[in-house]
Every structure is written in structure tokens, then in C-alpha cells.
Amino acid sequence: MGKRRLALCAGVLAVTAFGPAACAAYAADGGDVSVVPAAPAPGGDIALRVTGCDAREAVAQSPALVSDARLTPDDGDGLAGDGRVRSTVTAGTYTVTVACDGTEHRGTVEVVRKHTPAAGAEPSTHPSPVAPVNAGAGGAARDLAGGPERHGPGTAQTVVALALAGTAALTVHRAARRQARRGRRTG
């Protein structure tokens, strides 16, 4: 019974979490071109998919995208690819067009206003790569040189280690005392 409840709860959680996003993605596309997420912020990455296209490859175009997105066959019955929303695009609804087998497939992407962090807060990530990219030892060396040197465990680890060592010592002492008492009684 426990496994069935767990499976049921996991299914309900998945539908609750992913159902609205999937519905919004297909409801907002307005055609056989779907965009996920349906409402990205400027600079965000999106996944594009077109159905009803029998070609081996197609290109998705939109004024909202940084560049044309190349679409290739996916696991289903369509073509899929990735794109990036321009970081300078204003909020609004933009048409996404895919020319395939002489037919034009259309969809839409609704770009939403970028969430602005609170005053003085640093953004956690950049919307697109920032040159130069810190790769290899060069990036690690810069991080290590700027921070304080840390050797050994911190205060919390030291306190936990001392508590465990004290408990172990007390256990060994009690076991030795019990053994000594048993030895006196039998001998």
C-alpha cells in the first residue's frame, strides 16, 4: 500500500508541477510551432519544436531570437532545436516562422519583462556568455588568489569531531570497566 501511495503522490506532483507549464507552452504557440518556455525573459534560452513537417531539417526565424535556430528531427514526429531570445528585445509577442516543405508554420513567443534584482543584489548568472570565459586553471587561480586561505576543518567540523571522539572514549572506558568487573567476579 505504501508504494502505491508514493506512486500516486509522485504522479499528482508531476502533473501539478509540469502540467500548467506544458499547457501554457502549447496554448501560447498559436500554431504548429511550440516554444518552451512560452514566456521567456530577454536573454533566456528556449526550446523550439515544429510538428507536421516531413523535412530532415528546418530553420526557425523570429525577430525575438538572437539568430535563426536550426531544427533537426526529434524523438517524436517533428523537428526540434534551441534558440536564445535577444537580450535587448522589448517585452511583447513575436511571431516564430518555420519554412518547411514549401509550407510556412507559425507560432508565437511572448517575451516578458526581465525580473530586476533588488538594489545592490548581484545577478546569479549572466543571460549570455561573457568574454573572457574563465576556463581551466586560469579561472581557478583567480578565484583562489582573491579569497582567504583556508587550511583544515572549520569550527563546526572541529566541535563535531571532538564530540564524536569524546563519545567514543567514554564508550571504550565503560566497556573496559565492565570487562574488569567481570574478570574480578570470575577469578
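This is a predicted model: local features need pLDDT of at least 70, side-chain atom pairs count only at pLDDT 80 or more; totals for chains, interfaces and linings use all residues.
D45 is partly exposed, with 48% relative accessible area (buried means under 20%, exposed over 50% and partly exposed in between, using a 1.4 Å probe and protein chains only). Residues are numbered from 1 along each chain as its sequence is written, and side-chain values use heavy atoms, with hydrogens and water left out.

D45 has a charged partner. Its side chain meets that of R84 in a salt bridge of 2.7 Å, N to O (a salt bridge is a side-chain nitrogen of Lys or Arg within 4 Å of a carboxyl oxygen of Asp or Glu). R84 lies in strand β5 and D45 in strand β2, so this pair ties together parts that are 39 residues apart in sequence. The strand names follow DSSP runs numbered from the N terminus (strands are E runs of at least two residues; helices are H or I runs of at least four). R84 is partly exposed too, at 26% relative accessibility.

Across the whole structure, a search finds 4 salt bridges. Another of them links E57 with R70, whose closest N and O atoms are 2.9 Å apart. Here E57 sits in the loop between β2 and β3 while R70 belongs to strand β4, so the pair ties together parts that are 13 residues apart in sequence. E57 is partly exposed at 44%, whereas R70, at 54%, counts as exposed. Let us also note E104 and R106, whose side chains meet in a salt bridge of 2.8 Å, N to O. E104 is partly exposed at 47% relative accessibility, and R106 is partly exposed at 44%. As a general point, side chains of opposite charge can pair when their charged atoms come close.

Now turn to how the strands sit beside one another. β3 and β4 run antiparallel and are joined by 3 bridges (two strands pair if DSSP finds at least two bridges between them). Within this part of the fold, A60 stands opposite A69 in β4. β4 also pairs with strand β5 (residues 78-84) in the antiparallel sense, over 2 bridges, and here T72 has A80 of β5 as its bridge partner.

What lies in the interior? The largest nonpolar core has 22 residues, and those with the most contacts inside it are L48, V50, A60, L71, V96 and V98 (a nonpolar core is a set of buried Ala, Val, Leu, Ile, Met, Phe, Trp, Tyr and Cys residues joined through side-chain atoms within 4.5 Å). Two or more residues come from each of β1 (33-36), β2, β3, β4 (69-73), β6 and β7 (103-111). Of these, β6 gives the most, with 4 residues.

Leaving aside neighbours within four places in sequence, V98 is in contact with V33, V50, A58, V59, A60, L71, T103, E104 and H105 (contact means heavy atoms within 4.5 Å). T97 is placed in strand β6 and counts as buried at 15% relative accessibility. With residues up to four places away set aside, T97 touches V59, A60, Q61, E104, H105 and R106.

H105 is found in strand β7 and is buried, with a relative accessible area of 4%. Its side chain makes a polar contact of 2.8 Å with that of D32 (a polar contact is a pair of N or O atoms within 3.5 Å; within protein, one must be able to donate a hydrogen and the other to accept it, and residues adjacent in sequence count only if both atoms are side-chain atoms). Beyond four places in sequence, the residues that H105 touches include V50, V96, C53 and C100.

Those two cysteines bring us to the last stop. A disulfide joins C53 to C100, with S to S at 1.5 Å (a disulfide is a pair of cysteine sulfur atoms within 2.5 Å). C53 lies in the loop between β2 (45-51) and β3 (58-61) and C100 in strand β6 (residues 92-100), so the link ties together parts that are 47 residues apart in sequence. With 85° about the S-S bond, the link is right-handed. C53 is buried at 5% relative accessibility, and C100 is buried at 2%. By this rule the structure's count comes to 1 disulfide.
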